[in-house]
Protein chains: 2
Amino acid sequence: MQKIGIGLAGLGTVGTGVYRSLMQNNLLLTERVGLELEIRRIAVRNLSAPRSVQPAPGILSDRWETVVDDPNVGIVVELIGGIDLPFALFQRALKAGKPVITGNKALLAEKGAQIFELAADVNVPVFFEAAVAGGIPIIKSIREGFIGNHLQAIHAILNGTSNYILSRMTEAGIDFPEALQEAQANGYAEADPTLDINGWDAAHKAIILASLAYGFWVDSRLVHVEGIEKVSAADIRFAQDLGYRIKLVATIRADSNSSIEVRVNPTLVPQGHVLAPVNGVFNALMVRGDIVGDTLFYGRGAGQDPTASAVISDLAQAAIWIDSGGKAFGFTPHGLYGKCLPIDDLVSGFYLRLTVDDRPGVLAQVAGILGTHDIGISSVIQPETHDATAVPLVLMIHNAPFGRMRAALEEIKRLACVKGPAILLWILS
Amino acid sequence: MQKIGIGLAGLGTVGTGVYRSLMQNNLLLTERVGLELEIRRIAVRNLSAPRSVQPAPGILSDRWETVVDDPNVGIVVELIGGIDLPFALFQRALKAGKPVITGNKALLAEKGAQIFELAADVNVPVFFEAAVAGGIPIIKSIREGFIGNHLQAIHAILNGTSNYILSRMTEAGIDFPEALQEAQANGYAEADPTLDINGWDAAHKAIILASLAYGFWVDSRLVHVEGIEKVSAADIRFAQDLGYRIKLVATIRADSNSSIEVRVNPTLVPQGHVLAPVNGVFNALMVRGDIVGDTLFYGRGAGQDPTASAVISDLAQAAIWIDSGGKAFGFTPHGLYGKCLPIDDLVSGFYLRLTVDDRPGVLAQVAGILGTHDIGISSVIQPETHDATAVPLVLMIHNAPFGRMRAALEEIKRLACVKGPAILLWILS
């Protein structure tokens, strides 16, 4: 049976998971693939660091180039993290004719266009199932399973940390800082949770999904990204009263002119929607195709083992490609979709929470400004409060372009009767 | 660009969907695949039957052999239905080196072992995404996405008709005959719903999933199949009181000795389980891998368009195989799992509803028999009733081998105090 050599660049959490899972299920994998997969080289940062797996002596190296260049290595797995260094690795490996597997969503989001152009030039495939939604085979499903579909929309919960925090805020009625602390204490948020909290981890994944779905590599500068820091327990309560849950949702969709929309926002999800019951660290993706209709994928979106499962699936596919040759794949650019819509053109319903003076006429002033911008209100909540000077005013806004909503909000904020920050959230439709 | 010719055998509901969807999204598919797919031959039963699509004159034939034999046809799509005729088609096409795509679950369940043996002999792939769960890419996910996993369990709702009927019985509190009539009136059940109702449609799909997961073709005679006819509104109410929904669930799993279990039963699903909220005609599959953990797939499991989406995905993969060659795939047999467990060895919790005399001592007699078979009771419901002669007695039974449960039940049925049928349902664990 043919043996294919694997080079691992990186032996951190995911690398260790890949190593261990490959050892554990080696026999099964060999039977299924019909080829033997063998880890022959591993690059680590520090040769003498303690580790929970013990690779054979001599296969460790502290230079990733050694891994890529080794003639016994046929497939390179990039698990280093960062941008510049893995980008250099991709270039070197692809030019050497070696397929590369990665879970590095930041790298693909930033350098995907260049990586896939090079991959097409040299006809060597790139695999990245591990970059989005852990062990859920969503890349394969979108690229191959739904290949016959125009993908009309993807609504997805792609960041487990922020979903855990919002779930805890909902269950326990606590505010963001407390829920974040709890997530950190329970190991569901890192010491530096910036990319999880500010929406960019989800946005990197959304860029990858959108690019696969629509055939051009989406420029991250055209993606509208908001984090969950601004969501308060009060917003979650108001949303519940109105029949919604608040989730960090990536929205990816095409309009009838083949322009596309890519954004990540804390979003009001109707309680009957399939994404509404997705709680804790789970990920879920609702994919709507013009032929297949609505489908849902659900599972753990991160973690050592689910991510390792995705890497091993890619290893099998890379090995089969080496064995049989053929056209390289990964990302196929085409010109059937046009461009990303500017943020101001995106149409949505909105939830708006203001803090206003507790005086007659306030609602009339706010509604008046919305009216001059041709923006309709679908419902209003103005709860009773004991603080006579400032009260919350919650408005549910009918579908309107974000640009118009933003302009109206600027005017509303300048009203003398409006105090403190205005919270504007998108509504899933 | 290379063109690849398709032959459709059958232009019924799914065939028409494939034809129409291929026309609709042809440009997109060509861009993504990098090959042009063209329908060149279609076999129909009756050349002069009216149809909603109008293929070019001359491509229709009333002999499927014409489609298979046409040298311009590279891929054959079998959408005829039945067993013998499509089996003959498979043999002829595979021997001619042409990949075959099918959605025929009954055929695969009965003839899978022979079909895949032939496919391996001639090194030509067979594709069958459309055979299970419509447009949900579950075949691809299990075969490729989870290739690195021992699949510990699959719990799946695989028949939309029976799920619709049970959902309506639950929502409306109606009994089976009325819910079936309603399903037929709404087009969710066929005039002859036998295979949907008696569990065999789901069982055919379960056999395919189990065979893929465990590497040997499962003999349909070893599958334990029960239908939903015996479930009554009363059982659904009792189950709800106990915290469960009743669903027709396919259970596929391996024990620690690599023996496997394949069964389809009306099953009590705990209300917090991911399958519990799956209502109406939808399908859902919970797949548990030793590395990936739990994942869920959800969508429409049948219907013209979702099924067409699956066929087109297979067409793309078949075309790429023709273009690049390589090892054929479909089903890879191996010897890592042993055999199907006999039904009597399957261990589960059970729900037992008896109709008994309303007299003291009845529970003691029933519990006594269970005790002599070493079967434990976890809870008992004996609701008050106005019919003094016969009352329901519901018992929740701890995990026990089915064989022991069955033996105990035979004795219980012989008790003088037990009247009418005993309803035994499995509990999902």
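**Domain organisation and chain pairing in a predicted two-chain model**

The domain assignment divides chain A into domain 1, covering 3-134 + 304-324, domain 2, covering 138-300, and domain 3, covering 345-427. Between the centres of domain 1 and domain 2 of chain A, taken over C-alpha atoms, the separation is 27 Å. The contact between these two domains draws 15 residues from domain 1 of chain A and 16 residues from domain 2 of chain A. On the domain 1 side of this contact, helix H5 (residues 105-122) of chain A supplies the largest share, with 8 residues. The structure described here is a predicted model, with an ipTM of 0.92 and a pTM of 0.94. For chain A the pLDDT averages 94, and 99% of the residues score at least 70.

The arrangement of the two chains was examined next. Chain B is superposed on chain A by a rotation of 180° with 0.0 Å of shift along the axis, at an RMSD of 0.0 Å, which is the relation of a two-fold axis. The residue of chain B that comes closest to this rotation axis is B:Phe297, whose C-alpha atom lies at 2.4 Å. The contact between the chains takes 52 residues from chain B and 52 residues from chain A. On the chain B side, the elements that contribute two or more residues are helix H2 (26-33), H6, S12 and helix H12 (304-324) of chain B, and of the side of chain B that touches chain A, H12(B) gives the most, with 11 residues. Because 100% of the interface residues of chain B are also interface residues in chain A, the copies meet through the same surface.

Helix H6 (residues 138-145) of chain B, one of the elements on the chain B side of this contact, is mostly covered, 8 of its 8 residues being buried.

When neighbours within four places in sequence are left aside, B:Ala206 is in contact with B:Leu158, B:Val223, B:Ala250, B:Ile252, B:Val262 and B:Val264.

Strand pairing was considered in each chain. In chain B, 6 strands form an open sheet with parallel pairing, in the order S3-S2-S1-S4-S5-S6. Strand S3 (60-61) and S6 of chain B stand at the edges of this sheet, and each has a single partner strand, so one side of each is left without a neighbour in the sheet. Within the sheet, strand S1 (residues 3-9) and strand S4 (residues 75-78) of chain B pair in the parallel sense over 4 bridges, with B:Leu8 standing opposite B:Val77 in S4(B). In chain A, strand S16 (residues 418-427) is joined to strand S10 (residues 260-270) by 2 bridges, and these two strands run parallel; here A:Trp426 is the bridge partner of A:Thr267. S16(A) also pairs with strand S13 (residues 347-357) of chain A, in this case in the antiparallel sense and over 7 bridges, and A:Val356 stands opposite A:Val418.

Most residues other than glycine have a negative phi. A:Ala133, although not a glycine, has a positive phi of about 60°, and is found in the loop between strand S6 (126-127) and helix H6 (138-145) of chain A. With 30 other C-beta atoms within 10 Å, A:Ala133 is buried. B:Asn123 likewise has a positive phi, near 55°, in a residue other than glycine, and its place is in the loop between helix H5 (105-122) and strand S6 (126-127) of chain B. In contrast to the buried A:Ala133, B:Asn123 counts as partly exposed, with 13 C-beta neighbours inside 10 Å.

Definitions and conventions:
Residues are numbered from 1 along each chain as its sequence is written. Chains are lettered from A and ligands numbered from 1 in the order in which they are written. This is a predicted model: local features need pLDDT of at least 70, side-chain atom pairs count only at pLDDT 80 or more; totals for chains, interfaces and linings use all residues. Copies are superposed by least squares on the C-alpha atoms of residues with pLDDT of at least 70 in both. Two residues are in contact if their C-beta atoms, placed from the backbone, lie within 7 Å. pLDDT is the predictor's confidence in each residue, from 0 to 100. Two strands pair if DSSP finds at least two bridges between them. A residue is buried if 20 or more other C-beta atoms lie within 10 Å of its own, exposed if 12 or fewer, and partly exposed in between; C-beta atoms are placed from the backbone. Domain bounds come from an automatic or database domain assignment.
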